[in-house]
Amino acid sequence: GAHIRKSGDNILRETFKKFSRENTPSLLMMLDIDNFKKVNDTYGHDVGDIVLKKISQEIQKNIRETDCLIRWGGEEFLLLYPVLDSMHHRQVGEKILQCVRKLSFQCGDITFKVTVSIGSSYFHEEDTDYLQAVKRADVSLYHSKQTGKNKYTNSEEDM
């Protein structure tokens, strides 16, 4: 149910153009499933695909209609919040962490859980395209991974 990268690129480009014209606060979150290789290696790629789909579905239940979930690659997703003021980004990030944390997965008689790490960034006035915000969100995601996983990091506040 998530957008593929090609359509996601178009959505991001259009949202960035609107941001450039109207200066609406637009947030990008990059999410990565923690230890996903271990899921695939332990339970198989079919179960890994179920994990990806279930996480995608759960995230979509927890975002607004105006927000956009994009499968960026592998186990990485981008979440675009085209209008989200800076007072609410942390609440939104924590909500996504919790909605994934509460999921359970079954493989035979084994039940397991997964978590995600999240990095985020707003579009900046000095950005020339949306990829600069993607890069900052990616650096923030890396920071979340390096400092314990299963957490949210914002490029403007946490680094």
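Ile 59 touches Leu 31, Leu 69, Leu 79, Ile 96, Cys 99 and Val 100, leaving aside residues up to four places away in sequence; contact here means heavy atoms within 4.5 Å. The model is predicted, so local features need pLDDT of at least 70 and side-chain atom pairs pLDDT 80 or more, while totals for chains, interfaces and linings use all residues. Residues are numbered from 1 along each chain as its sequence is written, and side-chain values use heavy atoms, without hydrogens or water.

Ile 59 and Val 51 have the most contacts inside the largest nonpolar core, which has 30 residues. Such a core is a set of buried Ala, Val, Leu, Ile, Met, Phe, Trp, Tyr and Cys residues joined through side-chain atoms within 4.5 Å, buried being under 20% relative accessible area with a 1.4 Å probe, protein chains only.

A second, separate core of 16 residues includes Met 30, Ile 70, Val 134 and Leu 141.

Now to the strands: β2 (residues 68–73) runs antiparallel to β3, joined by 5 bridges, where pairing takes at least two DSSP bridges. Cys 68 stands opposite Leu 80 in β3. Their hairpin has 2 residues between the strands, and Gly 74 takes a positive phi near 55°.

Definitions and conventions. Buried means under 20% relative accessible area, exposed over 50%, partly exposed in between (1.4 Å probe, protein chains only). Helices (H or I, at least four residues) and strands (E, at least two) are DSSP runs, numbered from the N terminus.
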